[in-house]
Amino acid sequence: MYLVETGSEHKAGFIRKYVFSTDHKIVGLQYFFTAFAMAIFGGLLSILMRLQLGWPSRMWPMLETIFPVGMAGGVMSPEFYLALQTMHGTIMAIFVLTALFTGAFGNYLIPLQIGARDMAFPLLNMLSYWVYLLSCIVLVLAFFVEGGAPISGWTAYAPLSAIPESGPGQAMGQNLWLVAIALFTVSSMMGVLNYITTIVQARTKGMTMSRVPLNIWGMLSASIISIMVFPVLLGAGVLLLADRIGGTSFFVPAGLVMGDKLIPHSGGHPLLWQHLFWFFGHPEVYIVIVPAMGIAAEIIATFIRKPVFGYRIMAGCWIAVVALSMVVWGHHMFVSGMNPFLGGFFALATLLITVPSAILVLCWVVSLYGARIQFTTPMLFALGFVSIFVTGGLGGFFLGSAWTDIQLHDTYFVVGHFHLTMAMSPLFAAFAGVYYWFPRISGRMMNERLGRVHFWISIAGAYAIFLTMHVMGVGGMLRHSYDTTQYDFLKHLQPLNVFVSFAAFALAASQLIFILNFLVSLFRGPRAEANPWKANTLEWAAPAPIPHGNWGAVTPEVHRWPYDYMVPDGGEDFLPQNAPAAVLENKRF
Amino acid sequence: MLAAFLVLLVVFSAGLFLQRQWWLPSLASVHGVDIDRVFLATLVITGVLFIGLQLLLAYFSVRYREQQGRPAQCWVRPGLEKRFAVIAAVIIFGVDIAIFAMGESEWFKAWGAAPPGAEIIEVTGEQFMWHFRYPGQDKSFGRTEPRLVSATNPLGLDPQDPAGKDDVLSTNLLHLVVDKPVRLQLRAKDVIHSFFLPNLRVKQDVVPGMRIEVWFQPAKAGVYEIACAQLCGLGHYRMRAFLTVQPQAEFEKWLTELREGGD
């Protein structure tokens with residue numbers, strides 16, 4: 001291939017090797033650990049929110065020492081609650097999940113699975129990570145400036161986000177938020193350009209597009225969506241920043257009065273921000289879920305020990321999702337004041353995207369038919385992913401139809417729905433991926449027993465929290481609300497809020513099992529075999545540990561697709577992609 | 001074990017959605033009947049899909065778990081995958097169209113013109129309260145100017161405009177006549193709010209710079225809550241108002257008292 005054979009023996013100092021490294025594996029791990037740290041941070045924010053929601057305005061004197069302003073007197077202030085909410089959403093949706101899939105898994109796996117030596121542009125790849133780290137730091141800094149973090153939600157609807165006078169946190173905090181988003185966008189651009197170019201250009205000999213692993217199809221699809229929609233977010237962010245500090249009025253109409261003070265802007269339109277934001281915001285869901293699907297499909301394909309069902313169909317479905325993902329954004333805006341005819345169009349487009357999504361689910365379920373399922377921890381998490389994605393996806397029928405959305409919009413039905421589809425199911429896929437590729441990365445196995453305990457508590461917790469939220473939403477429970485006991489029609493739902501809070505604490509605590517398992521296994525886990533899951537994809541064929549440049553003198557040659565399992569020759573039941581052509585070459589499964 | 005969990009999940013979820021204790025807020029509008037009906041139909045369709053898929057997943061994970069001496073079966077024949085995808089696509093597309101047709105026919109009907117003779121009321125959202133303006137005898141609202149807004153003139157009503165002389169302003173209290181269609185014109189002074197009547201199945205964002213009209217018909221007398229459903233700032237959670245749906249005579253009495261009290 002065109003990548004220069006650098007030779008794996010090149011010597012580099014510690015800094016070049018582990019910190020400012022251009023090696024895609026190191027960059028991938030840096031992405032992983034940064035995203036993981038952000039996930040812990042974002043998760044802790046949600047625990048604080050659950051304290052307030054379960055027991056509104058209760059005193060927590062201990063917390064005052066940690067948050068002397070936000071919890072002055074031990075009671076959470078409304079602006080601190082909204083800041084937590086804004087930062088939790090922003091961190092989790094963008095700075096964790098986007099970075100975790102394309103950034104961490106994409107970086108580590110793409111070159112290995114297609115038999116490349118590195119990303120097409122290694123330096124750009126390194127830069128992508130460092131800009132990402134910078135964006136995380138800028139975002140977290142928003143907590144420490146005058147007024148605190150922004151309170152306008154991760155969607156930052158204008159004019160709330162455009163006028164500093166609209167509330168605490170809306171001054172410097174919102175500016176930092178916008179700068180962080182812009183930096184993240186730039187980092188993401190550098191990353192996905194790399195992933196697309198690498199997948200298209202750097203595949204090894206014999207690795208045709210109909211032979212790349214399903215994970216690669218997922219990564220490619222998500223990267224294409226990213227490159228189409230992230231620039232729009234960047235543009236919108238720059239315009240909003242201009243409105244805030246440059247005196248322009250893209251999103252602010254004339255005649256606003258805040259605190260009896262006339263706001264001098266005129267000529268803008270608040271819905272313009274929503275259109276631009278959701279043109280990014282909805283595809284963002286697919287930027288997260290499509291690679292998660294790819295990882296889950298990859299793991300399911302390994303542990304059914306038979307050829308996966310519908311390889312080409314899945315690839316086709318992802319391409320369909322890429323195309324449709326960009327014409328459904330308006331379903332976030334059914335009650336926004338947008339022309340109702342547009343609402344009708346977006347409802348139809350949204351319902352149509354269930355077709356490829358449902359076929360993907362059916363491919364995984366049907367793949368199990370006639371299989372010999374090995375219930376390893378990664379497989380449990382992958383099947384958990386399928387179950388949760390099905391449940392979350394079905395909620396989409398209520399919200400994708402404009403008519404039923406009227407009542408459910410801005411209630412916990414929406415919160416439950418998107419947490420199942422774009423938070424819990426991707427998280428399950430990510431856990432599946434960690435348990436699955438951990439031996440490849442560290443040379444050691446993770447503990448299966450602890451892995452199972454982690455799985456059972458996680459899936460029970462995920463359903464307990466987010467299914468219950470659906471029911472609360474049907475009852476009308478309002479989201480973005482600091483204290484829903486203010487409303488009489490919501491009072492009878494408060495026991496559910498308490499239940500959800502307890503379930504959230506249990507779910508969060510159970511993640512300690514994972515962290516413990518991860519850390520102990522990293523140093524003390526039993527040594528892994530070269531290919532412990534008996535998988536066919538190329539990453540398992542690389543030497544251990546994998547050197548810079550991945551392969552020896554020549555990159556491997558690929559002879560078949562990656563899902564030749566249950567080969568009937570009496571020996572092993574799998575046939576790696578790079579195994580020399582055998583008599584079975586022409587056998588079509 | 002996964003199978004057992006999934007079966008439990010199905011039972012638990014079915015119970016959760018069949019109980020009546022936590023359900024849609026009691027209904028008090030005419031079009032709300034159609035929203036609830038479509039909601040219920042969608043729940044039945046998705047419920048069947050939910051139970052079917054989760055139980056299938058459960059069954060397969062028991063039936064095809066790894067067992068000594070039982071190899072995997074390879075049953076995929078060329079052409080089968082394609083047929084499968086086409087059939088699945090057609091079925092899912094059918095479900096989509098059914099749900100779309102069911103909901104969107106009502107959606108467009110609701111956005112059609114209001115019946116003649118419907119009362120017009122202006123609703124203005126501001127951080128963190130609701131103002132309701134009745135046009136009075138002349139059926140037209142007086143002009144408002146943002147620069148005239150003050151603590152005593154929250155909407156910035158222009159005193160020079162004769163049309164505004166008989167306008168009646170009410171803050172956080174909205175009264176409507178039962179069984180009589182009403183047109184609400186929604187405006188905002190500062191940021192986006194959302195006018196939510198949970199019992200009447202009405203929700204519409206209130207956007208500064210826009211005047212958005214919705215109409216509906218209250219069907220049951222009573223006192224209901226009005227909530228702001230769109231994040232609008234730190235007091236969003238307490239941006240609450242009250243709706244009283246009452247007979248015409250009582251409504252007139254209330255409006256007269258309010259007008260006289262305001263003079």
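**Figure 1. The end of helix α14 of chain A in the predicted model.** A:Gly443, with a positive phi near 80°, comes directly after α14(A). Helix α14 covers residues 412-442 of chain A and bends by about 40° at A:Leu420; the bend is the angle between axes fitted to the seven residues ending there and the seven starting there. Because 28 of its 31 residues are buried, α14(A) is largely enclosed by the rest of the structure (buried: 20 or more other C-beta atoms within 10 Å of the residue's own, placed from the backbone). Helices are DSSP runs of H or I with at least four residues, strands are runs of E with at least two, and both are numbered from the N terminus. Residues are numbered from 1 along each chain as its sequence is written, and chains are lettered from A in the order in which they are written. In this predicted model local features need pLDDT of at least 70, side-chain atom pairs count only at pLDDT 80 or more, and totals for chains, interfaces and linings use all residues.

**Figure 2. The largest nonpolar core.** This core has 264 residues (buried Ala, Val, Leu, Ile, Met, Phe, Trp, Tyr and Cys joined through C-beta atoms within 7 Å). Among those touching the most other members are A:Val96, A:Met314 and A:Phe385. Helix α4 of chain A (residues 78-114) supplies the largest share, 23 residues.

**Figure 3. Chain B against chain A.** In contact (C-beta atoms, placed from the backbone, within 7 Å) are 83 residues of chain B and 91 of chain A. On the side of chain B that touches chain A, α3(B) gives the most, with 14 residues.

Technical notes: A residue is buried if 20 or more other C-beta atoms lie within 10 Å of its own, exposed if 12 or fewer, and partly exposed in between; C-beta atoms are placed from the backbone. Two residues are in contact if their C-beta atoms, placed from the backbone, lie within 7 Å.
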